[in-house]
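Please walk through this model with an eye on its side chains.

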Amino acid sequence: MAIDLTNATTLTGYINQNLPFKPWIFRKFFPVVLHDTTQIAIDIVKGSRKLAPFRRPGEESTVKNSIGVETKLFGPNQISIKNLTKAYDAAKRAAGDQLSYSDGVKTLEGRIVFKLLQEQIDMTNRIYMTAEKMCSDALFTGKVPNYDANGNLIEEFDIGLADDHVITLTGTDKWDTAAATSTAKILENIDDYCALGEDDSGLPMTDVILGKDAKNALRTNETVLKQLAANTAKFAQIDPRKTEIGAQFVGYTSTGVRLWHVTESYQNSAGQKTSMVR
């Protein structure tokens with residue numbers, strides 16, 4: 001848009017869309033641990049999860065194989081971005097300045113600091129978005145791909161998500177079908193997902209992240225909404241109006257598991273706005 005500085009013009013609004021990114025998944029589930037090496041290893045001890053058999057008097061004891069140990073190595077690739085800031089940018093009108101010079105002009109030093117601050121926020125956002133996307137991929141697919149600036153795959157880290165931990169619903173069991181109100185077992189499905197995690201890790205499941213489609217299907221199911229309202233009144237530890245930064249609180253299951261929807265998004269390689277959790 002061309003601006004004629006010879007005419008009197010008053011800037012009435014300043015809308016800043018370069019706001020700090022809010023990495024909710026990263027901060028809630030992936031605490032930062034610093035290491036002195038460029039590569040880390042994780043040992044996974046595989047138990048058999050089998051019952052112990054009985055034996056008749058006089059029979060030999062059952063011989064079992066020793067439990068296996070799998071070691072996974074991870075050596076993350078470096079994130080490196082540079083920002084091209086030109087000297088004459090400091091002489092331009094800064095965001096928020098009046099369009100004409102009748103109201104005074106920021107000092108050169110002030111313009112430089114303001115410009116660099118804006119650029120620093122953008123670069124920091126990009127790094128945090130990448131970390132958040134890696135955390136999301138790890139939780140939902142078990143694989144964390146690293147792409148270069150041209151979208152080419154450099155390396156993919158496989159953290160070993162079991163195939164049976166990805167549950168696919170079909171037919172009338174799907175949450176978004178026309179008959180879902182009467183046939184879909186949304187909260188039962190969520191409890192089943194939690195049971196899978198508990199079985200593999202030995203840890204109680206306390207939080208579930210819903211993708212956009214799952215959240216919309218849940219919120220259009222009147223039966224589920226009534227159950228969530230009753231459960232939230234029962235546990236009443238989180239006020240749904242006081243949501244956490246970067247995520248919306250959806251409700252509780254009957255077992256006290258908290259349901260969340262991540263609100264942050266990023267721009268994919270095609271320039272399209274994409275939800276961090278789909």
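Predicted model: local features only at pLDDT ≥ 70, side-chain atom pairs only at ≥ 80, totals over all residues.

Residues are numbered from 1 along each chain as its sequence is written, and side-chain values use heavy atoms, with hydrogens and water left out.

Start with charge. Side chains of opposite charge can pair when their charged atoms come close. The criterion here is a side-chain nitrogen of Lys or Arg within 4 Å of a carboxyl oxygen of Asp or Glu. The whole structure holds three such salt bridges.

One of them joins lysine 22 to glutamate 264, with the closest N and O atoms 3.0 Å apart. Lysine 22 sits in the segment before helix H1 (24-29), and glutamate 264 in the loop between strand E7 (258-262) and strand E8 (265-267), so this pair ties together parts that are 242 residues apart in sequence. Helices (H or I, at least four residues) and strands (E, at least two) are DSSP runs, numbered from the N terminus. Lysine 22 is partly exposed at 31% relative accessibility, while glutamate 264 is buried at 13%. Buried means under 20% relative accessible area, exposed over 50%, and partly exposed in between (1.4 Å probe, protein chains only).

Another bridge links aspartate 207 and arginine 258, at 2.8 Å from N to O. Aspartate 207 belongs to strand E5 (residues 207-210) and arginine 258 to strand E7, so the pair ties together parts that are 51 residues apart in sequence. Aspartate 207 is buried, with a relative accessible area of 15%. Arginine 258 is partly exposed, at 21%.

Lysine 133 and aspartate 137 also form a salt bridge, their closest N and O atoms being 2.9 Å apart. Both residues lie in helix H2, four residues apart, about one turn of the helix. Lysine 133 is partly exposed, with a relative accessible area of 22%. Aspartate 137 is buried, at 13%.

Now turn to the rings. A pair of aromatic rings is described by the distance of the centres and the angle of the planes. Rings of Phe, Tyr and Trp (its six-membered ring) pair if their centres lie within 6.5 Å; planes under 30 degrees apart count as stacked, over 60 as edge-to-face and the rest as tilted. The count comes to five aromatic pairs. In one of these, tryptophan 24 and phenylalanine 29 have ring centres 5.6 Å apart and planes at 85°, so the pair is edge-to-face. Tryptophan 24 also pairs with tryptophan 260, in a tilted arrangement: 5.2 Å centre to centre, with 45° between the planes. Tryptophan 24 lies in helix H1 and tryptophan 260 in strand E7, so this contact ties together parts that are 236 residues apart in sequence.

Phenylalanine 29 is partly exposed, at 29%. Trp24, Phe29, Phe249, Tyr252 and Trp260 form one aromatic cluster.

Tyr252 leads on to leucine 228, which touches it along with Leu187, Leu218, Val250, Gly251 and Leu259, not counting residues up to four places away in sequence. Contact means heavy atoms within 4.5 Å. Leucine 228 is placed in helix H6 (residues 222-235). Its relative accessibility is 4%, so leucine 228 counts as buried. Leucine 228 and valine 250 are 22 residues apart in sequence and 8.2 Å apart in space, C-alpha to C-alpha.

How many disulfides does a search of the whole structure find? It finds zero. The test is a pair of cysteine sulfur atoms within 2.5 Å. Cysteine 135 is buried, with a relative accessible area of 7%. Cysteine 194 is buried at 6%.

Leu108, Ile112 and Leu116 make a nonpolar patch of about 270 Å². Patches are made of residues with over 30% relative accessible area and no salt bridge: like charges are joined within 9 Å, nonpolar side chains (Val, Leu, Ile, Met, Phe, Trp, Tyr) within 5 Å. Accessible areas come from the Shrake-Rupley method with a 1.4 Å probe; for residues, only the protein chains shown count as cover. Isoleucine 112 is found in helix H2 (residues 108-140). At 37% relative accessibility, isoleucine 112 counts as partly exposed.
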